[in-house]
Amino acid sequence: MTTFRLTQISDTHLGRKLPKLIQNFERIAEHIDVTRPDLVLNSGDIGFDGPNQPDDLEFARSLHDAMPVACRYLPGNHDIGDNPTQIGPVPAQLVSEKGRQAYISVFGDDRWRFEAAGWCFIGLNSLVMNSGLVSEAEQFDWLAGELASAGGKPVALFLHKPIFLNAPDDPEIEASSFRYVPMPARRRLVEMLRSVDLRLVGSGHVHQRRDFTFGHTRHVWSPSAGFMISDAKQERIGIKEVGLVEYRFQPDGFEVRHVRAPGQIDVDLDEIWTKEHKAPAPAKAPATI
Ligand SMILES: [Fe+2]
Ligand SMILES: [Fe+2]
C-alpha cells in the first residue's frame with residue numbers, strides 16, 4: 001500500500017440520551033461511508049462519561065462498529081479519567097487502572113503501533129502520563145522499544161491531549177494544565193521523540209481545530225465531532241467548530257484536509273442536554289476540556 005488514508009475523528013462524547021451528539025456522529029458516519037478511508041481513528045472522549053456510565057462506552061462502540069471501515073481508538077479523559085498535574089487541582093474524575101481496564105474491555109489496547117505507506121503510526125494513552133500508575137511506566141518502556149525499531153521511517157503520533165500549546169517548554173500554568181500532556185511526563189515524552197523522525201502529532205481534547213508546525217513536526221488538533229465550548233467557558237486558541245480531519249500518507253510525505261461532514265451542526269455544549277440528561281451544576285474547578 002503506497003497511499004494510506006486515515007480519517008481522525010475525536011471527542012464524540014456519545015451517550016444514548018444525547019441526540020444532538022448522536023446526529024453529528026451519524027453525519028460523520030455517512031461521510032465516512034462515502035469517502036471510505038483505510039482507517040478511522042477516534043482520538044478520545046469517545047463516550048460522554050465512561051468512568052460513571054460504562055454504557056456510554058458500549059453504546060459508542062456499537063455506533064463505530066456500524067461503520068463500514070476499520071476503526072482504532074485512543075482513550076480520553078471522559079473515557080478513563082483525567083491526569084493529575086503538578087500545578088492544577090486534582091481532577092474530579094482521576095484516571096484509574098479500573099477505568100483503563102473498563103476502556104480496554106470495550107475498545108482494545110490503549111496504546112498501539114502499526115506501519116502503513118512507509119510510515120510508523122503510534123497511538124498513546126495520554127491520560128496515564130504523570131499518574132504514577134504502573135501502566136504509565138509500562139507505556140514509556142513500550143514506547144522506547146517502538147521508537148527504537150522505527151528504522152528511520154517517518155513517525156505519526158496520535159494521542160488525546162496535545163503535547164503542548166506552542167512549544168515543548170511552555171510553562172505549565174494552573175488555568176490550562178489539564179489541557180496538555182502534564183509535566184514532568186511531557187518533558188520525558190518530548191525527549192524520547194527526539195530519537196525519531198517525528199512528522200506529525202495528531203490530538204483532540206480541546207474541541208478546537210488547529211494546525212501548526214513546530215520544528216519539522218506538524219501538530220494537528222482535531223475538533224470535536226460533536227460540540228464546541230463557548231468563549232465564556234473556554235479561551236479561543238484555534239477554530240471553534242465541529243468537524244474531522246482527513247490525512248493521506250505516502251512514503252515521501254502527507255497531506256492534511258480539514259473538513260466537516262455534510263449536515264454536521266455546530267452544537268454548543270450548553271445545547272446538548274435533554275430532560276433525561278440534565279446539565280450538571282456549574283463546577284468550581286475549571287472545565288476539563
Ligand atoms: Fe472532549
Ligand atoms: Fe478530553
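Predicted model: local features only at pLDDT ≥ 70, side-chain atom pairs only at ≥ 80, totals over all residues.
Local features are given at pLDDT of at least 70 and side-chain atom pairs at pLDDT 80 or more, while totals for chains, interfaces and linings use all residues; side-chain values rest on heavy atoms, without hydrogens or water. Residues are numbered from 1 along each chain as its sequence is written, and chains are lettered from A and ligands numbered from 1 in the order in which they are written. Aspartate 45 bridges the iron ion (ligand 1) and the iron ion (ligand 2), which lie 3.5 Å apart.

**Iron ion (ligand 1)**

- Asp11 (OD), His13 (NE2), Asp45 (OD) and His207 (NE2) coordinate the iron ion (ligand 1) at 2.1 to 2.3 Å; donors are N, O and S atoms within 2.8 Å of the metal (3.2 Å for Na, K and Ca), and since water is not among the atoms, sites may look incomplete.
- The angles among the four donor atoms of the iron ion (ligand 1) run from 88 to 176°, and the site is irregular; four donors count as tetrahedral if all angles lie between 85 and 135 degrees, four count as square planar and six as octahedral if opposite donors are over 155 degrees apart and all others between 65 and 115, and anything else is irregular.
- Along the chain, the donors of the iron ion (ligand 1) have the spacing D-x1-H-x31-D-x161-H.
- Histidine 13 sits in the loop between strand E1 (4-9) and helix H1 (19-35) and histidine 207 in the loop between strand E7 (197-203) and strand E8 (210-214), so this pair ties together parts that are 194 residues apart in sequence; helices (H or I, at least four residues) and strands (E, at least two) are DSSP runs, numbered from the N terminus.
- Histidine 13 is buried at 1% relative accessibility, and histidine 207 is buried at 0%; buried means under 20% relative accessible area, exposed over 50% and partly exposed in between (1.4 Å probe, protein chains only).

**Iron ion (ligand 2)**

- The protein donors here are Asp45 (OD), Asn77 (OD1), His160 (NE2) and His205 (ND1), 2.1 to 2.2 Å from the iron ion (ligand 2).
- This site is also irregular, with angles of 89 to 158° among its four donor atoms.
- Asparagine 77 lies in helix H3 (residues 77-80) and histidine 160 in the loop between strand E6 (154-158) and helix H6 (185-193), so the two tie together parts that are 83 residues apart in sequence.
- Asparagine 77 is buried, with a relative accessible area of 4%, and histidine 160 is buried, with 0%.

**Helix H6**

- Ala185, Arg186, Leu189, Val190, Met192 and Leu193 are the buried residues of H6.
- These buried residues fall within an arc of 160° seen down the axis of H6, so they line one face of the helix; the arc is that of the directions from the helix axis to the C-beta atoms.
- The buried residues of H6 pack against helix H5 (134-148), E6 and E7, where contact means heavy atoms within 4.5 Å.
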